[in-house]
Structure formats: C-alpha cells, structure tokens
Amino acid sequence: MEVTLAVIKPHVLRNTYALQQIKTLIEENFRVLGHKEVHITKELSDRFYAEHRGKFFYHRLTTFMNSGPCYALILQSEASVQKWRRLMGPTKVFRAVYTEPQCIRALYGLSDTRNACHGSDSEASALREIGILFPEFDVLAVADRESKKRT
Ligand code: ATP
Ligand code: MG
C-alpha cells in the first residue's frame with residue numbers, strides 16, 4: 001500500500017461545493033490516514049516547493065499558496081501516487097479542460113497556478129512533503145498499521 005499527499009489549494013476552500021465534491025471523490029478512492037487545514041506560510045512553501053525555486057512561476061505559486069488556508073490529506077491505496085494524479089488531471093487547466101473535462105483540475109482549476117490541487121510525484125516525494133506539512137505524523141508506522149488491519 002502506497003501513500004501520497006494531496007493538498008487542496010486556497011481558492012477551492014472558499015468554494016464549499018467544490019471542496020465537498022473533492023472530499024467525496026477522495027473517500028471513494030483512498031483510505032485517509034490524516035487530514036487537516038494548514039496555512040502554507042512562506043517558510044513552509046520554500047521547503048515544500050524547493051525543486052521549483054528559480055522558475056518564473058515560483059513567486060506566484062508560493063504567494064498564492066500563502067493566500068489562505070489549504071487542506072492537506074495523507075492518502076493510502078494501491079498505486080496512490082498515480083491514482084491521485086490521474087484524478088487531478090494535467091497541471092495546466094486549459095489542457096485539462098480539453099483532454100479530461102471530468103478531472104478535478106478541469107472542474108475546479110482557475111489558472112496554471114490556481115489549478116485546484118497538488119499531488120506528490122512519487123512515494124519518496126510524498127514522504128518528504130508529509131514530513132513538512134505533518135511533522136507530528138509518523139507516516140511509516142501508521143501506513144504499516146493500516147496495511148496490517150486489512151490482512
Ligand atoms: P503539483 O506538484 O502541484 O501536484 P504538478 O506536479 O502537475 O503539480 P509541477 O510542475 O510540480 O506540476 O508544478 C507545481 C505547481 O506549480 C503546479 O501545480 C502549478 O500550481 C504551478 N505551476 C507549474 N507550472 C506552471 C506554469 N507554467 N505557470 C504557472 N504555474 C505553474
Ligand atoms: Mg509536482
């Protein structure tokens with residue numbers, strides 16, 4: 001069983017209907033090991049988005065993530081990284097709208113930056129990112145316990 005990190009971005013939290021739809025989709029597809037509202041301060045986003053530092057959209061992205069609360073969830077399922085990224089759809093909203101009109105980013109994204117949600121790109125990234133947003137959470141111990149419950 002693999003874990004991944006999902007982050008619902010600030011503009012979606014201001015849209016109760018959108019947030020509820022996404023939470024329902026998540027509950028239908030994953031076991032939720034942890035969830036919380038989190039304010040991604042500049043300090044947190046500098047760590048979280050370190051790989052993007054220096055890119056033209058970095059300031060825009062980190063400022064946006066800091067513009068209001070986000071909702072972060074630790075998700076577990078078979079191949080959860082790929083599964084969540086498939087549900088999110090392409091990074092660029094215009095592409096999402098044309099190629100996968102039912103994906104989360106097509107339905108609730110507003111722009112390339114405000115593209116509704118984040119998903120880790122590998123399990124290693126997920127563990128790193130969970131460590132940043134859920135420092136109190138022993139993800140390996142919880143994931144192991146949850147896996148054993150199922151067998
Ligand atoms: P995420 O990491 O958020 O799940 P991703 O892996 O599909 O998305 P990345 O390349 O890691 O895409 O980009 C991280 C985030 O940076 C994107 O979700 C988006 O908000 C922003 N971003 C990426 N490319 C652009 C761009 N060309 N213009 C504006 N913002 C961008
Ligand atoms: Mg990414």
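## The nonpolar cores

Leu133 touches Leu5, Val7, Lys36, Val38, Ile40, Leu44, Phe48 and Ala72, when residues up to four places away in sequence are not counted, and contact here means heavy atoms within 4.5 Å. The model is predicted, and local features need pLDDT of at least 70, side-chain atom pairs count only at pLDDT 80 or more, while totals for chains, interfaces and linings use all residues. Residues are numbered from 1 along each chain as its sequence is written, chains are lettered from A and ligands numbered from 1 in the order in which they are written, and side-chain values use heavy atoms, with hydrogens and water left out.

Leu133, together with Leu5 and Val7, touches the most other members of the largest nonpolar core, which has 24 residues. A nonpolar core is a set of buried Ala, Val, Leu, Ile, Met, Phe, Trp, Tyr and Cys residues joined through side-chain atoms within 4.5 Å; buried means under 20% relative accessible area, exposed means over 50%, and partly exposed lies in between, with a 1.4 Å probe and protein chains only. Two or more residues of this core come from each of several elements, including strand 1 (2-8), strand 2 (31-38), strand 3 (70-77), helix 8 (123-133) and helix 9 (139-150). Helices (H or I, at least four residues) and strands (E, at least two) are DSSP runs, numbered from the N terminus. A second, separate core of 18 residues includes Ala6, Leu13, Ile104 and Ala116.

## The annotated site and domain

Which residue does UniProt list for "active site"? The unreviewed entry lists His118, and UniProt positions are given in the numbering used here, with feature names shortened and annotations that may be inferred rather than shown by experiment. His118 is found in strand 4 (residues 117-119), and His118 is buried, with a relative accessible area of 11%. Leaving aside neighbours within four places in sequence, His118 is in contact with residues that include Leu5, Ala6, Val7, Lys9, Trp84 and Arg105. The side chains of His118 and Glu129 are joined by a polar contact of 2.9 Å; a polar contact is a pair of N or O atoms within 3.5 Å, and within protein one must be able to donate a hydrogen and the other to accept it, while residues adjacent in sequence count only if both atoms are side-chain atoms.

The unreviewed UniProt entry also places the feature "domain: Nucleoside diphosphate kinase-like" at residues 1-141. The end C-alpha atoms of residues 1-141 lie 13 Å apart, and the span is 48% helix and 18% strand.

## The surroundings of ligand 1

Ligand 1 is surrounded by 16 residues, of which the closest are Lys9, His52, Thr91, Asn115 and Gly119; a residue is near a molecule or strand if one of its heavy atoms lies within 4 Å of it. A polar side-chain atom of Lys92 lies 3.1 Å from a nitrogen atom of ligand 1, and an N or O atom in the side chain of Arg105 is 3.2 Å from an oxygen atom of ligand 1. For Asp112, a backbone N or O atom lies 3.3 Å from an oxygen atom of ligand 1. The protein covers 86% of the 580 Å² of accessible area that ligand 1 has on its own, where accessible areas come from the Shrake-Rupley method with a 1.4 Å probe and, for residues, only the protein chains shown count as cover.

## Two alanines and helix 5

Most residues other than glycine have a negative phi. Ala79, although not a glycine, has a positive phi of about 50°; Ala79 sits in the loop between strand 3 and helix 5 (80-88) and is partly exposed, with a relative accessible area of 39%. Ala116 is not a glycine either and has a positive phi of about 80°, but Ala116 lies in the loop between helix 7 (104-108) and strand 4 and is buried, with a relative accessible area of 0%.

Ser80 is found in helix 5 and is buried, with a relative accessible area of 0%. Val81 is found in helix 5 too, and Val81 is buried, with a relative accessible area of 8%.
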